[in-house]
Amino acid sequence: MEKTWISFLLPDDEYKRRTILVYFAEAAILQLIAVLTLIVISRFDFIPMDGVIVLIGMLFGTIAYVWIRYILSGMEFAEIMTAKAYRRERKLIIIKSTSFLVIMCASIASFDVFGMMSVPLIEGLIVSFIAALLLFLTNYVSLKRSYWKNRELID
Amino acid sequence: MKNKVKFTRMEQKMTQEQLARQVRVTRQTIGLIEKGEYNPTLQLCVAIAKALGKTLDDLFWEVD
């Protein structure tokens, strides 16, 4: 195993660990390029830039890059090899996403009843729905990619 | 990298899942190694060789 202080972020499986390390490295290089570009842009007054927004953008950009690469790599569901296992996992994903939506909506509704919400109820519900949809889509795409990849590897 | 992992494993009537469990990787990793789509570390090569009761030469050495 590679001796690195980010070991706690890496899975035990060798292939996954090395591939994720590559994604981290790619994200770091892209971030470096983004920083250099922003330094050049900030010298001229082409675009007005808010420091905090730029930092948040870079943070989310980096996380999104690694996350999307991981989902599309098809290595998340490494043991899903058969159509039966695929259907079972797909069912689990639907149950997980639906449970997440129900729990989020119930929490938001109860916060609203007790007057602890600073935004309108409908906004909270829309955000919950989008989050649940995102959870379902990312898991579903990851599952589908994993299944396609694994089908080719089965003995 | 071409190798004889699949051939040797099948010769010993071992499944991908059993080998994966023995060397503590996923079945996908074993599948990728067998297809030559992933080059394992020396540590994993040794673990696979031990699990299959072969030497590194037997499994990973290419003879023209």
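Across all chains, a search of the whole structure finds 5 salt bridges, a salt bridge being a side-chain nitrogen of Lys or Arg within 4 Å of a carboxyl oxygen of Asp or Glu. The structure is a predicted model, in which local features need pLDDT of at least 70 and side-chain atom pairs count only at pLDDT 80 or more, while totals for chains, interfaces and linings use all residues. Residues are numbered from 1 along each chain as its sequence is written, chains are lettered from A and ligands numbered from 1 in the order in which they are written, and side-chain values use heavy atoms, with hydrogens and water left out.

**Salt bridge in chain A**

- Arg18(A) and Glu14(A) are joined by a side-chain salt bridge with an N to O distance of 3.7 Å.
- Both residues belong to helix α1 of chain A, where Arg18(A) and Glu14(A) are 4 residues apart, about one turn of the helix; helices (H or I, at least four residues) are DSSP runs, numbered from the N terminus.
- Glu14(A) is buried at 6% relative accessibility, whereas Arg18(A) is partly exposed at 31% (buried is under 20% relative accessible area, exposed over 50%, partly exposed in between, with a 1.4 Å probe and protein chains only).

**Salt bridges in chain B**

- Arg21(B) pairs with Glu17(B) in a salt bridge whose closest N and O atoms are 3.9 Å apart.
- About one helical turn separates Arg21(B) from Glu17(B), because they are 4 residues apart in helix α2 (residues 16-23) of chain B.
- Arg21(B) is exposed, at 59% relative accessible area, and Glu17(B) is partly exposed, at 40%.
- A further salt bridge links the side chains of Lys35(B) and Glu37(B) at 3.8 Å, N to O.
- Lys35(B) is partly exposed at 44% relative accessibility, while Glu37(B) is exposed at 52%.

**Largest pocket**

- The largest pocket holds about 260 Å³ of space; on a 1 Å grid over the protein atoms alone, a pocket is an open set of points where a 1.4 Å probe fits, with protein on both sides within 12 Å along at least five of seven lines, and a volume is the space filled by probe spheres set on the points.
- Of its 12 lining residues, the closest to the pocket centre are Asp12(A), Glu14(A), Arg17(A), Val23(B) and Gln43(B), where lining residues have an atom within 4 Å of a point.
- Two or more lining residues come from each of α1 (14-43) of chain A and α4 (42-52) of chain B.
- The most is given by α4(B), with 3 residues.
- The lining comprises 5 nonpolar, 2 polar and 5 charged residues, with Ala, Val, Leu, Ile, Met, Phe, Trp, Tyr, Cys and Pro counted as nonpolar, Asp, Glu, Lys and Arg as charged, and the others, Gly among them, as polar.
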